[in-house]
Amino acid sequence: MADRDLSALTAAQTAAAIASGAFSSEEVTRACLDRIEAAEDTVKAFAHLDPEFALTQARESDHWRRSGRPIGPLHGVPVAVKDIIETADWPTECGSPLLAGRRPRNDATVVSKLRAAGAVIVGKTVTTEFAYFSPGKTRNPHDPKRTPGGSSSGSAAAVAAGMVPLALGSQTNGSIIRPGSFCGVFAMKPSHGLVSRAGVLPLSRTLDHI
């Protein structure tokens, strides 16, 4: 299967292919990174991207699977995370120059759960500033003259462009379902309280640190 075909797999297809050994996490992650390289200049979905770090995580995932140890439901699957969600090994700037260079000490709960499920964090996606009205740089992958919607702009655009099979967003009003609709991808907002918001847009702690 060609790299472009690998990057077009759904999250479920990707997880099943990696679990069966049909493809390695490194192969899938590299295909996603190739797609990012080809489309990012136009789509501008990512706020933070480190291809070598993503590949390092993928190789570790492959080593884990080959060792015969139990794997999670997202083992080796490339995932992008909205830049209001804290990650201990990536910057989290909430789409604002006020927080440029901010690096949290801990993962948000939802990121910890992603890692426990085996996901490979590929990068942080563009958000409107503080997940509010001021738009980011992301363009709609189907028509760069049009908006991808917000506030989870980069996450929806990255999935729609085949950059990753799965991405995290967040929603107060329409911030997941709007960009999902605009970009033509499946978007789901879990029931309120089902997923912990710890480490998501942690403004009180952020302001304490300024």
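Guide: A salt bridge here is a side-chain nitrogen of Lys or Arg within 4 Å of a carboxyl oxygen of Asp or Glu. The model is predicted, so local features need pLDDT of at least 70 and side-chain atom pairs pLDDT 80 or more, while totals for chains, interfaces and linings use all residues. Residues are numbered from 1 along each chain as its sequence is written, and side-chain values use heavy atoms, without hydrogens and water.

Visitor: What makes D143 and R146 a salt bridge?

Guide: Their side chains meet at 3.1 Å, N to O, and the cut-off is 4 Å. D143 also meets K145 in a salt bridge, at 3.3 Å.

Visitor: Why is K145 called exposed?

Guide: Exposed means over 50% relative accessible area, buried under 20%, and partly exposed in between (1.4 Å probe, protein chains only). K145 has 72% relative accessibility, so K145 counts as exposed. R146, at 56%, counts as exposed too.

Visitor: Why is strand 2 described as largely enclosed by the rest of the structure?

Guide: Strands are DSSP runs of E with at least two residues, and helices are runs of H or I with at least four, numbered from the N terminus. Five of the five residues of strand 2 (residues 78-82) are buried, so the strand is largely enclosed. P78, A80 and K82 cover one side, V79 and V81 the other.

Visitor: How do you know that strand 2 pairs with strand 3?

Guide: Pairing needs at least two bridges found by DSSP. Five bridges join strand 2 to strand 3 (residues 120-125), and the two run parallel. A80 has G123 as its bridge partner in strand 3. Strand 4 (residues 166-168) is also parallel to strand 2, with three bridges, and V81 has L168 as its partner there.

Visitor: What makes the largest nonpolar core a core?

Guide: A nonpolar core is a set of buried Ala, Val, Leu, Ile, Met, Phe, Trp, Tyr and Cys residues joined through side-chain atoms within 4.5 Å. The largest has 18 residues, and V81, V110 and L168 are among those with the most contacts inside it. Helix 5 gives the largest share, three residues.
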